[in-house]
Amino acid sequence: MTDIAESMDPGVAAAIDDETRPRGIYPPTEEMLNEPVDPDLQKAQEARLRAVWAEPPGWRYWSAVNNSEVGAWYSLTAFAFMLCAGVLALLMRVQLAVPENDFLPADTFNQFFTMHGSAMMFLFAVPMFEAISILLLPAFLGARDMPFPRLSAYGYWAFLIGGIFVLSSILFGVAPNSGWFMYPPLATEAEGPGSDIWLLGLSFIEVASIAAAVELIVGVVKCRPPGMRINLMPLYAWYVLVVGGMILFAFPPLIAGDFLFEMQRSFDWPFFDPERGGDPMLWQHLFWIFGHPEVYIIFLPSIAIAAMVIPTAARRPIVGYNWIVLSAVGTGFLSFGLWVHHMFTTGLPSLSLGFFSAASEAVVIPTGIQLFAFVATLIVGRVRMIQPMLWIAGAVAIFTAGGLTGIMVALAPFDWQVHDTYFIVAHLHYTLFGGMIFPIIGGVYYFYPFFAKKKMSDRLGRISFWLTFTGFNICFLPMHLTGLKGMPRRVFTYPGDIGWDWLNLISTVGAFVTAAGILVFAWDLLRPKRDQDLTERNPWGGGTLEWAHDVPDPGWGVRGVPYITSRYPLWDQPNFLERLDTGRFYIPDAPEGLRETVVTSAVDAVPQHVARITGPAWCTIWAAVFTGGAFIFPTFHMYPPAIICGILAVAAVIYWLWTSTALVPEAPMKDAGLGLTLPTYVSGPRAPGWWGVFITMLGDSTAFASLVFGVFFYWTARPDFPPEGAVHASPLWTALAAALLFGSWAATRAARGINRGGNPRTAQILLIAAPLLAIAGGTALVLAVWVPGLAPSSHVYPAMMWALVVWTCAHVAAGVVMQGYCLAGTIFGKLTPRYDADLWNTTLFWHFLVVSCLITAAMIGILPRML
Amino acid sequence: MQFDRRSSLWHMIAAPIAWSLHFCVVYGWTASVCARGWDAGTARLGIAIATGLAIAFIAAIGWHAWKQWDYLDDFDYEHDGPSVEDRREFLGHAGWLLALVSLIGVLFNASPALFISSCV
């Protein structure tokens, strides 16, 4: 028997004080795992777990935060939005069926294609990834739930409110109408609230996406079961990790772009107006730095489903696990080097175009590798053509066709010919249907018995597949030719004598056949199945942990957190299900009546901590409603209610954190089973919350970096940045701001150490000083641009300086709230020398904040004088 | 967070990070040179230097990863066991493959400078 100390990384072990050090035996021996559990005890344990994890009764059901409920709502909502966006597509196809048609007026058509693209991307494709991951990931990882269930719920309600707001604008005829990428000046000059609805509504949803990314990354890194080292992770988890990372670097540039865009729309700060030194190209860069990785953010998690289905269909482990990891990680990186291939016709230097063309070709290598690994698995396996496999096969065929046209349009000279024609429409639908729709539907068929405990119809599935597959090709294959014949995108009608009419008619027919296929699927998904028998436990014969689920669903996620030694535990680990069902693994009981899961180390999955997880709550819904108000009221230039909503949203979040996170536990350690004693409270890098802050701040830093990029962009692209004789920020006030904010950071950091050292009184004094210094520093920063009189609407240079100041001050305000929260914690006994997770997290936030404060000071105080 | 290379994810992704930095430097440098109206030869020289540095760095990362994988020692390829050795060799193997793909990426990205001799 081995002591857990021997499994711990020496560096990490040295950093842990003795009191919270995990104690006991790890890994468990065979004898320990074979030890029978008394049947009465087993029943009592099950009853306690069932009570703790029960979903709230009656109307309180909607306060649930459990991943199985939130994941199901999330997926169904995204699917509903997809159907709406699909209806818009059908209406557009009706309009285009014959030349000179007057079914839809031009402006309505503009609104429809804008909303079709925006809804499919922001309300369906990305949220669907988050939804499915929230639904499935804990089961893949043998965890009871996600690390932050209330955050998932908050993300869901924010998504629902934002989605309904954006989508319903079409019913009032005020939807955005400038295309899903909202290019200025068309979108900045557009009349009516359409552009604002797009900007604010979707920014709100992007925030929800980033919340989900944080949750999923922490889930993969910290909530794997003991023994599941990084080389044993299910491939889906690898993809989630990669895609979560991509969201952190792809969405923030768009949020930064939205911020600049909205400042121009609302306050006339001329970021994209060339007459006052602005440049519309900056929006294109920021949009596509988001927009191209976005395609892979959609594609990778869907193909990850294929990576789960294929081994089951082939009845053998995946071939080339390492190669698929390479492919996922490699694609994640390379996909950031492609964005300018959407901008080949904007007149950038040909040398620059060459880089993006080359990177667009290079990304084919990792993308191709994973498809070959799938094919290889099927070749060497003993394939059963289970119904989901049909969808995966269709996906691979369609995606490959889309990939081939992708190689064509990655070549700048070819792209100049087909840019903005129907060839592009065909290409992108081939990649998205093949890379997203087909694998997702295959995944729904495959995982339905897991999350619904019933089966969908094999026969309807096949009908739906063949309708969708043929309909899709009838619709989109001719579009390649339509595009080559010169038909531009986004035209609401066309003349009848130039050879486009019959191609369009065929496409319209195909669109309706596709829609019929999707409807069959929708019916199969939603039809009542009350009379149908429950599914058997492992209907496809899979080897991964989700098929260890209980039928019917007892609500607890997993009976005990298992000990894992294989990539396919159900195939390879002897007596696995029996051990799981009798509660011989970790935390088989809930004696304290609390929801719990096991937190393990990032690489080797050594148990570190028993985390207490939050349960049902209304405060998350209130937080989402008020956050929604804060984003939605400004659309109609109603600022006072927006500010009130913002304050209430912050209040709801503080209530939620105060009442349910980092609570002082009833005992510092608890018996986790199998001879292991684990701490119930940890702080710093061992705590999931710390990782949550770390990952959020990585994303936040990317947004800040995008603003800094903006400054350098104007400097390279514009001769008048900064303009001759421009007023600069006051050096004195800037230096003072930097010093005060640095002082605030230092006080926070010192408070953490001093509090830990057992001197909470001194820490309290520091925590009173820190926010005062921060407020003074933020004020000095505003005065630095205010006193010399930088007028943001006069030119892009002062506007950019103001943008940096506004951004930084908003973060300083958040930092002040966090310092105040910690101060209150020390006063009311929630934060003690021993239980100090909040202070660790606040300090981590301030590490990031002080860097961005100093950069802002340098950008406004020093840099312009050097340029 | 752990920085021991045998158990570190950061080492595994060091090569693609080098690719990203190379990409940003090359793109930013070319954009600045061309926007200022300087000679494209200056841009190409900078690209050559950045590419040389990136290749050297990626080669070093790849060599360490190869040694960590230690393929020729025991011909382990799948790394699907629960031991420390499996994890160490897996991270080496994946790091090596990523170094390879990053190297190809860097060479691809530098290649336009071989063929295109002007900003226009």
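**View 1. Gln264(A) sits in helix α9 (residues 235–267) of chain A.** At 9% relative accessibility, Gln264(A) counts as buried, a label that means under 20% relative accessible area, with exposed over 50% and partly exposed in between (1.4 Å probe, protein chains only). Helices here are DSSP runs of H or I with at least four residues, strands are runs of E with at least two, and both are numbered from the N terminus. Setting aside residues up to four places away in sequence, Gln264(A) touches Thr188(A), Trp269(A), Pro270(A), Phe271(A), Phe272(A) and Asp273(A); contact means heavy atoms within 4.5 Å. A polar atom of the Gln264(A) side chain lies 3.4 Å from the backbone nitrogen of Phe271(A).

A note before the next views: this is a predicted model, in which local features need pLDDT of at least 70 and side-chain atom pairs count only at pLDDT 80 or more, while totals for chains, interfaces and linings use all residues. Residues are numbered from 1 along each chain as its sequence is written, chains are lettered from A and ligands numbered from 1 in the order in which they are written, and side-chain values use heavy atoms, with hydrogens and water left out.

**View 2. Arg584(A) lies in the loop between α20 (576–581) and β2 (596–600) of chain A.** Look for a buried side chain here: the relative accessible area of Arg584(A) is 10%. The side chain reaches the backbone oxygen of Leu33(A) at 3.2 Å. Beyond its neighbours within four places in sequence, the contacts of Arg584(A) include Asn34(A), Glu35(A), Pro36(A), Val37(A) and Leu674(A).

**View 3. Asp589(A) and Arg48(A) meet in a salt bridge, 2.9 Å from N to O.** The term stands for a side-chain nitrogen of Lys or Arg within 4 Å of a carboxyl oxygen of Asp or Glu. This pair links distant parts of the chain, with Asp589(A) in the loop between α20 and β2 and Arg48(A) in helix α3 (residues 39–53), 541 residues apart. Asp589(A) is buried at 15% relative accessible area, whereas Arg48(A) is partly exposed at 32%.

**View 4. Asp836(A) pairs with Arg756(A) in a salt bridge at 3.0 Å, N to O.** Asp836(A) lies in the loop between α26 (796–827) and α27 (837–866), and Arg756(A) in helix α24 (residues 731–756), so the pair ties together parts that are 80 residues apart in sequence. Asp836(A) is buried, with a relative accessible area of 0%, while Arg756(A) is partly exposed at 35%.

**View 5. Chain B meets chain A through 46 residues of chain B and 43 of chain A.** About 4,100 Å² is buried between them, and carbon and sulfur atoms give 72% of that area; buried area is the accessible area (1.4 Å probe) that two parts lose on being put together, summed over both. Two salt bridges cross this interface. In one salt bridge, Arg87(B) joins Asp604(A), with the closest N and O atoms 2.6 Å apart. On the side of chain B that touches chain A, α1 (9–12), α2 (14–35), α3 (40–69) and α5 (84–115) of chain B each supply at least two residues. The largest share, 15 residues, comes from α5(B).

Note on methods. A polar contact is a pair of N or O atoms within 3.5 Å; within protein, one must be able to donate a hydrogen and the other to accept it, and residues adjacent in sequence count only if both atoms are side-chain atoms.
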